[in-house]
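This report covers a helix pair and a metal site in a predicted model.

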Amino acid sequence: MAKQTIIHHNIEPVHYVSDAFISWCFDARFSELLNKFIELRKFKNVDIVKMAGGGKVFATPEIETEEIHYLGQIAKSVKLHHTKSIILMAHANCGAYGKHFEDKAMEEAFYVNELRAAKETVASFLKKNEIKIPIETYYADFSGLHLIN
Ligand SMILES: [Zn+2]
């Protein structure tokens, strides 16, 4: 195998503290919103896991091992980067769910419920592992990003 450098770029080899572990949907329509959110929160380093549905994997995983796998990713993030918080997102018109809603309010209610379930799963995992960091949940739609309490 021959190696060919296609980009020259110096990367700081030092370890960092992660401001947040972020579980975000890979839907590119919401990528700019993620960048804006990181900027707003002044996060310096983040461990981002992009997957279909964002926090869906912790609420309604398609296969059980999926949830176990991503909870493991949270544990690794905390272990390696002393991660300070967990961010879970869900968004309107998410293809990972493939659902159709009568109106925006019903859609939002559905995703807020999903976020609550996801938060519960992650919270119980953190508790079991004696990890004390906050979990924040966010709903994104075509007007912006909304904190769900
Ligand atoms: Zn999505």
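## Contact between H3 and H4

In this predicted model, Glu67, Leu71, Ile74 and Ala75 of helix H3 are in contact with Thr121, Val122, Phe125 and Leu126 of helix H4. Sorted by class, the residues of this contact are 6 nonpolar, 1 polar and 1 charged.

## Geometry of the helix pair

Two packed helices are described by the angle between their axes and the distance between the axes. Helix H3 spans residues 64–81 and helix H4 spans residues 104–128. Their axes come within 11 Å and cross at roughly 55 degrees. This angle is above the limit of 35 degrees for roughly parallel and below the range of 65 to 115 for roughly perpendicular, so H3 is oblique to H4. The crossing of H3 and H4 is right-handed.

## Zinc site

The zinc ion is coordinated by SG of Cys25, NE2 of His91 and SG of Cys94, at 2.0 to 2.3 Å. The donor residues follow the spacing C-x65-H-x2-C in sequence. Cys25 is in the loop between strand S1 (20–24) and helix H1 (31–40), while His91 belongs to strand S3 (residues 86–91); the pair therefore ties together parts that are 66 residues apart in sequence.

Cys25 has a relative accessible area of 4% and is buried, because buried means under 20%. His91 is also counted as buried, with 1% relative accessibility.

Conventions
Residues numbered from 1 in each chain as written. Predicted model: local features only at pLDDT ≥ 70, side-chain atom pairs only at ≥ 80, totals over all residues. Heavy atoms only, no water. Axes fitted to C-alpha atoms, helices over the stretch in contact; angles between N-to-C directions. Helix = DSSP H or I, 4+ residues; strand = E, 2+ residues; numbered from the N terminus. Parallel < 35°, antiparallel > 145°, perpendicular 65-115°, else oblique. Left-handed = near helix turned anticlockwise from the far one by under 90°. Contact = heavy atoms within 4.5 Å. Nonpolar A, V, L, I, M, F, W, Y, C, P; charged D, E, K, R; others polar. Donors = N, O, S within 2.8 Å, 3.2 Å for Na, K, Ca; no water. Buried < 20%, exposed > 50% of the residue type's maximum accessible area, 1.4 Å probe, protein only.
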